[in-house]
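Some questions and answers follow on how two chains meet and how one of them is laid out. Please look at the structure first.

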Amino acid sequence: MKKNINHSLFTALITFIVSFPLLGLSLVSVNGSLTIQGADNSTMIMIGVAISIVFIFQLYREKILHMLGMLPTPSLPFKQAYKNSSLEKRTTLKKVFMVGLILCVIIWPFMSSRGAIDLATLVLIYVMLGLGLNIVVGLAGLLDLGYVAFYAVGAYSYALLSEYLGLSFWVALPIGGMLAALFGFLLGFPVLRLRGDYLAIVTLGFGEIIRILLNNFTSVTGGPNGISSIPKPTLFGMEFGRRVKEEGNTLFHEVMGIAYSSSYKVIFLYILAVILVIFTLFVIHRLMRMPVGRAWEALREDEIACRSLGLNRTAIKLSAFTIGAAFAGFAGCFFAARQGFISPESFTFIESAIILAIVVLGGMGSQVGVILAAIAMTVLPELARGFDEYRMLMFGLMMVLMMIWRPQGLAPAQRPHMEIKNDA
Amino acid sequence: MMPNISENEPVLHAENLIMQFGGLVAVNGVSLDVYQKQIVSIIGPNGAGKTTAFNCLSGFYTPTSGTIRFMDEDIHTLPDFKISLKGLVRTFQHVRLFKEMTVIENLLVAQHRHVNTGLLSGLFKTGSYKRKESEAMERAKHWLNKVDMFDVANREAGNLSYGQQRRLEIARCMVTEPSLLLLDEPAAGLNPNETQDLNKLIVGLKEEENISVLLIEHDMNLVMEISDNIYVINQGQPLASGTPEEIRNNPDVIKAYLGEV
């Protein structure tokens with residue numbers, strides 16, 4: 001208890017030192033010279049209240065945290081209780097950090113240029129694609145060179161569904177994801193027996209088939225002319241254009257009572273992409289720690305051992321292909337909605353290669369790595385525009401150097417550390 | 001797990017197994033029985049077809065002819081993973097761990113069939129999912145303690161010492177709660193102390209976990225000490241079978257191992 005009192009006094013003092021000069025003193029200019037004045041009484045009272053709250057909280061810290069269910073029961077042996085509380089602290093800190101980061105990412109577009117937001121949205125699309133392919137390549141260890149096919153399926157699903165059936169973005173998004181997943185499942189079947197190079201060749205072929213199909217199926221897909229004027233996503237029936245395009249919709253700036261600005265649309269698309277990426281991150285983060293995620297990794301490590309332990313490799317590979325494809329479908333849907341125009345040109349092999357490069361550059365199986373690499377892969381070529389025609393050369397050189405210096409990727413995946421209590 | 005078959009019925013009964021690769025008959029007419037709570041060994045010179053016989057039993061090969069009955073069911077036509085799900089689990093001559101995964105993850109992967117693999121229940125962490133996960137964790141913990149590897153639970157399996165890797169492989173089989181464990185040369189590459197520990201571990205499996213063990217091994221001290229019954233295979237053919245005592249004194253076995261005197 002004595003230790004607690006000392007500790008509480010100390011923290012209260014720190015609070016005073018930090019808050020009083022900032023809030024309790026103010027500079028006032030009197031006759032052209034600055035003088036320091038004490039703030040008014042209410043501010044002083046607030047500072048006093050803050051200091052006492054800190055003091056009381058620190059004094060009864062254990063009890064309060066325990067009441068909130070953040071600390072283990074104090075009956076545990078000291079060492080273990082200590083260990084657990086430090087772990088709890090770490091996870092709370094991590095949560096606070098994550099929330100702060102998300103807030104920053106959402107506030108950022110309101111103070112940057114249109115071009116930057118547009119580029120950031122593109123980065124987010126690549127993050128989504130990278131995260132999806134990371135399941136197939138990074139976790140399950142199946143080299144897929146035709147991932148762009150699922151991206152195309154998602155994009156064309158929305159384009160065609162809106163053109164022929166008039167479905168809105170929000171209805172088409174899950175359908176696009178599911179259609180891409182179905183294609184992933186269908187592709188999964190014939191390639192299950194293949195590994196390594198052979199798998200890469202077949203998936204490469206599949207990607208090309210989809211592109212060529214889209215190019216030649218002119219009656220439906222418009223062939224090389226693509227599909228244009230795909231409607232933008234709406235927010236609860238509010239459109240972001242200057243005039244209402246679809247009957248029954250309202251206009252965002254009118255509902256909000258603000259002047260029209262074209263940047264609202266850009267910011268809305270960006271925030272939508274952020275939400276989709278957070279959703280993707282969350283789902284894949286959970287999947288990696290679930291039995292199916294463990295099975296993917298085990299299959300990558302040793303297929304024969306998996307069989308000997310009763311793991312059905314067919315089901316596991318199929319699930320990796322299907323789930324990975326679904327996220328490409330979501331990304332494709334969003335891409336079509338953002339561009340407003342798609343053509344088979346957008347889904348060439350180079351796109352697959354870029355997505356694969358993102359996964360490898362980031363570090364196989366690592367989510368943080370994928371995000372960093374997606375930023376690097378999209379922003380670096382933009383920054384290098386000053387080099388004109390040497391741009392792609394520079395880009396290639398950077399990739400080569402990167403693979404020499406850090407072959408494990410920017411942020412290699414780390415094994416989850418599991419806290420186990422030994423009570424045996 | 002106690003097999004649900006009667007006391008005097010064999011857990012595993014293989015009859016007249018033949019495995020042919022083109023012109024080569026790797027296993028020719030091998031029959032064997034493993035009863036409950038028995039440790040049975042298969043011995044024989046290198047290249048005798050012991051591992052091939054193992055591969056037939058565990059479904060990695062489909063035998064050319066012959067029958068395999070496990071717990072009163074024909075299994076020789078089943079794919080390998082289904083056989084393992086029935087409770088016949090094997091290890092390998094060369095350790096096959098998930099090297100880049102941690103020790104505890106190795107043990108959790110092996111329990112795939114015990115846990116809730118539903119995607120939605122996992123995403124939303126339903127009660128049944130959490131309960132199954134914590135059960136799996138408990139089992140993993142139990143076996144970590146059994147093989148004395150609790151301290152290295154969060155180490156990557158590939159970084160363990162060879163003896164630890166061997167023990168982890170057995171623990172990984174045991175968390176699946178098999179009724180018959182097939183061990184392919186578990187003592188290969190172990191030092192005498194480690195072999196002694198392995199000896200205790202295997203006998204412990206039989207005594208405490210009530211399972212049967214089928215063993216391929218070259219370490220004759222180990223085989224003679226722990227086996228209830230021994231089958232000798234030479235050039236794919238069954239040569240002899242019996243208790244360790246009988247095998248030790250069998251002139252054919254001595255001849256096969258030492259050559260014609």
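## Contact between chains and layout of chain A

Q: How many residues does the contact take from chain A and from chain B?
A: Two residues are in contact if their C-beta atoms, placed from the backbone, lie within 7 Å. The contact takes 25 residues from chain A and 33 residues from chain B.

Q: Which helix of chain A gives the most to the side that touches chain B?
A: Helices here are DSSP runs of H or I with at least four residues, numbered from the N terminus. Those of chain A that give two or more residues to this side are helix 11 (263–289), helix 12 (291–301) and helix 13 (303–308). With 7 residues, the most is given by helix 12 of chain A.

The model is predicted: local features need pLDDT of at least 70, side-chain atom pairs count only at pLDDT 80 or more, and totals for chains, interfaces and linings use all residues. Residues are numbered from 1 along each chain as its sequence is written, and chains are lettered from A and ligands numbered from 1 in the order in which they are written.

Q: What separates the centres of domain 1 and domain 2 of chain A?
A: The domain bounds, from an automatic or database assignment, are 2–72 for domain 1 and 101–405 for domain 2 of chain A. Taken over C-alpha atoms, their centres are separated by 48 Å.

Q: Is Ser19(A) buried, partly exposed or exposed?
A: A residue is buried with 20 or more other C-beta atoms within 10 Å of its own, exposed with 12 or fewer, and partly exposed in between. Ser19(A), in helix 1 (residues 2–24) of chain A, has 17 within 10 Å, so Ser19(A) is partly exposed.
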